[in-house]
Amino acid sequence: MIYWRTCMHLHTENKLIETEDIKIQYGIFQVGSISPLLFCICLLNEQVNRLNTGYEEPTTKTKISHLLYMDDLKLIAKSVEELQKQIQTVKTFSDDIHMEIGLEKCAKITFKRGKLVHSQNLVIDFNKEIQELEQGKTYRYTYLGIEESEGIHQQMKERLKQEYSKSLRMILKSEPNARNEITANGALAVPVLKYSFGIINWRTKEIKMIDRKTRKMLTMYKMHHPKAEIDRLYVKRKEGGRGLVQIEAANVAEIINIAEYLNTNYKEDQFVNIVKSQENTQPNMNSIIKTAAKITEELSQLN
């Protein structure tokens, strides 16, 4: 994208006025290969909105019927009839643009007054149906990398910790030089956990335990001496440290970034506004904005 350029021409009666090269810093070309795909995604979003289904948020009076991110779609309905209408719209639209619904990646879950209840599979076509999610299980495939069901946080924590440890172990076993191992850890292993910060309710004790286990694995693979200075391990290399990403610091940074985003954009985006209004009703331990404010205050006192 850094090579994208364009220029504008204005034809007048006397001459042609032409601008200098204009750098394309964000967005896409109108004739780019991804343009039709993005157009279809926006069109699907509009089609589902027109059904006027889903739940109305009491503060903003905004109806929420689905969450859509690229090819990940979650439909939200108040009844089986509404869900059938939504599914039919999505199926018709998918058939029109020659895309298929990956039924093996789909699941249906029903809640009544916040409790998971059993219901029938959802039939969408002859011999085709979306399976009901079984009690105690999660989606076989996840929505935006986060498994979902009732009380899923602890299960997700365990899975994420296992994936992080597996990624770190693979990096250390590959035996690159020390600098490349530290870089690979920040680029490949840390994002496994970072993706969940601000979504999964991590406790400070759990995060510190992951940092401790990371240092232990570095010691096992002779990348860190057991009596070496710990603080230097997390200092940037250009400042004389080793540049390892501290999980605790990454968690704090992500929470502050999310809170800053909510505080900056909630007036412009109706869905961000919904999140902001709900944030104000949450206790301190469950509120990202309140947690970020507390962290910022503590950091300012240290400085």
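Select N185 and show what surrounds it: leaving out residues up to four places away in sequence, N185 touches Y164, L168, I171, V190, P191 and L244. The model on screen is a predicted one. Colour the helices next, and N185 turns up in helix α4.

Is N185 buried or exposed? Its relative accessibility is 2%, and buried means under 20%, so N185 counts as buried.

Stay on helix α4 and select R179, which is also found there. R179 has a relative accessibility of 52%; the limit for exposed is over 50%, so R179 counts as exposed. R179 and I76 are 103 residues apart in sequence, and their C-alpha atoms are 47 Å apart in space.

**The cores**

Return to Y164, one of the residues touched by N185. Y164 also belongs to the largest nonpolar core, which has 25 residues. Select L160, Y164, L193, F197, W202 and I247 together: these touch the most other members of that core. Which helices each supply at least two residues of this core? They are α3 (153–173), α4 (178–194), α5 (204–220) and α7 (247–265). In soluble globular proteins, nonpolar side chains tend to be buried together.

Keep L160 selected and show its contacts. Apart from neighbours within four places in sequence, L160 is in contact with V192, L193, S196, I200 and W202. Two of these names, L193 and W202, were in the core selection above.

**The whole protein**

Clear the selection and zoom out. The secondary structure consists of nine helices and 12 strands.

Switch to a surface view. The accessible surface comes to about 21200 Å², and 53% of that belongs to carbon and sulfur atoms. How many of the residues count as buried? The figure is 30% of the 303 residues.

Last, colour the charged side chains. There are 44 positive and 39 negative ones, and the centres of the two sets lie 8 Å apart. For contacts between residues at least 6 apart in sequence, 47% join residues at least 24 apart.

Notes: Residues are numbered from 1 along each chain as its sequence is written. This is a predicted model: local features need pLDDT of at least 70, side-chain atom pairs count only at pLDDT 80 or more; totals for chains, interfaces and linings use all residues. Side-chain values use heavy atoms; hydrogens and water are left out. Helices (H or I, at least four residues) and strands (E, at least two) are DSSP runs, numbered from the N terminus. Buried means under 20% relative accessible area, exposed over 50%, partly exposed in between (1.4 Å probe, protein chains only). Contact means heavy atoms within 4.5 Å. Accessible areas come from the Shrake-Rupley method with a 1.4 Å probe; for residues, only the protein chains shown count as cover. Lys and Arg count as positive and Asp and Glu as negative; His and the chain ends are not counted. The place of a charge is taken as NZ of Lys, CZ of Arg, CG of Asp or CD of Glu. A nonpolar core is a set of buried Ala, Val, Leu, Ile, Met, Phe, Trp, Tyr and Cys residues joined through side-chain atoms within 4.5 Å.
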